[in-house]
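Hello,

Here is the structure I promised to pass on. Have a look at it first, and my notes follow below.

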Amino acid sequence: MNSPRYLVSDTFGRMVLRSIDAILPVYHKQEPIIVPRKILLVNLAHLGDVVITTAMLAACKELWPQAEMGMLIGSWAHLIVKDHPLIQNIHLMDHWKLNVAAIPFKEKIKRYYRTTRLALAEIKQQQYDLAVDLYPFFPNAIFWLWKAGIPYRAGWTTGGFGSLLTHPLKKIDRNQGMDDNYRDLLSLLVRKKVQVKIRPQLPAMSKSLVDRILPKAFLRNTYLVFHMGTKESPKLWLEEKWRILAQKCIGQGFLLVFTGLGREEACRINRVTHQLPNVFNAANLLNWQEFAAVIQEARHLVSVDSSAVHIAAAYSIPTTVIFAGINAPIFCGPLNPKVTLLFKQLACVPCLNHRGCSTMNCIREITPDEVLATI
């Protein structure tokens with residue numbers, strides 16, 4: 001993550017990508033693209049990344065109204081976009097490095113090649129004019145976009161295979177949000193500055209999904225959603241602080257819905273909510289649509305840096321992010337004008353060290369009162 005060029009976490013990985021790029025042909029073009037008939041947006045990463053990517057759908061439609069839209073994503077993100085009104089085709093590719101399924105590594109490799117063969121055949125059949133890879137880190141799908149023969153290919157060189165892009169950006173700017181980074185890509189394609197709106201867009205969820213999940217008392221009142229979980233342990237806030245915050249919110253008359261997935265998250269929520277009134281523990285009870293619906297109908301979301309904050313951005317839900325300084329706040333923050341990012345502005349923030357440090361004072365020193373003041 002510290003490398004300005006390839007943004008991969010180990011020296012050996014950067015050396016491998018540099019070596020590959022050194023022997024690849026260069027396809028960079030300077031002219032503006034023709035008006036595309038079919039556009040493929042690509043992000044093989046996890047749920048939050050794909051939710052952010054949906055921000056480009058309306059932007060591309062604004063620039064090229066007649067174009068059909070397709071997406072290439074990991075199968076884990078299929079539910080996010082499967083009913084999206086702006087998407088005509090969805091292709092699935094499960095990269096081994098991004099696959100967090102509890103299966104042997106050998107099975108991840110097999111699944112990667114199996115899904116890649118199928119996706120490549122589908123993409124060739126669709127005959128896309130333009131592909132935009134929207135993940136600036138390794139791994140991307142740039143090699144396969146070139147292999148599919150898509151004439152115009154845009155993206156960042158920071159994840160490797162940049163030589164195969166016809167319209168490359170050599171730098172991802174961590175001092176601006178992903179909305180401005182996406183505008184930079186679009187400006188490169190049309191060779192002029194664009195000012196299109198960049199906001200995540202998800203299909204509206206039926207309120208009936210919430211009605212059949214939450215107790216009636218919660219349906220009569222607005223509720224807060226607390227999302228404690230993330231797979232990256234440095235981003236976690238202390239359990240005792242979550243409990244104090246919950247007690248303070250309950251004392252002010254709020255009803256709380258805790259969401260999470262997996263045994264570990266469920267155990268953490270159980271410890272935090274033990275014997276607290278006016279709390280509904282939804283850990284492991286929600287599918288994707290229900291999770292999105294619960295956030296869509298919430299008064300406010302309080303969460304660590306996770307996919308939940310990007311879902312809230314898609315529905316313009318007021319959000320407080322308890323943020324760890326391992327990432328640049330502006331760069332990684334949700335595209336939501338109703339968001340508050342809370343972190344301690346220490347000299348080491350952002351450290352860009354995904355492993356964090358022993359103290360993690362940037363997040364652990366945030367107090368429950370500071371969070372409460374944002375709600």
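For the charges, Lys and Arg count as positive and Asp and Glu as negative, with His and the chain ends not counted; each charge is placed at NZ of Lys, CZ of Arg, CG of Asp or CD of Glu. On that basis the chain carries 44 positive and 28 negative side chains, and the centres of the two sets are 3 Å apart.

Please keep in mind that this is a predicted model, where local features need pLDDT of at least 70, side-chain atom pairs count only at pLDDT 80 or more, and totals for chains, interfaces and linings use all residues. Residues are numbered from 1 along each chain as its sequence is written, and side-chain values use heavy atoms, leaving out hydrogens and water.

On the overall fold, the chain has 16 helices and twelve strands (DSSP runs numbered from the N terminus: H or I of at least four residues for helices, E of at least two for strands). Of the 375 residues, 57% are buried, meaning under 20% relative accessible area with a 1.4 Å probe, protein chains only (over 50% is exposed, in between partly exposed). The C-alpha atoms fill a box of roughly 65 × 45 × 45 Å along the principal axes.

One residue I looked at is Leu 145, in helix H6 (residues 142–147). Leu 145 counts as buried because its relative accessibility is 1%. Beyond its neighbours within four places in sequence, Leu 145 is in contact (heavy atoms within 4.5 Å) with residues including Leu 40, Leu 72 and Arg 153.

Best wishes
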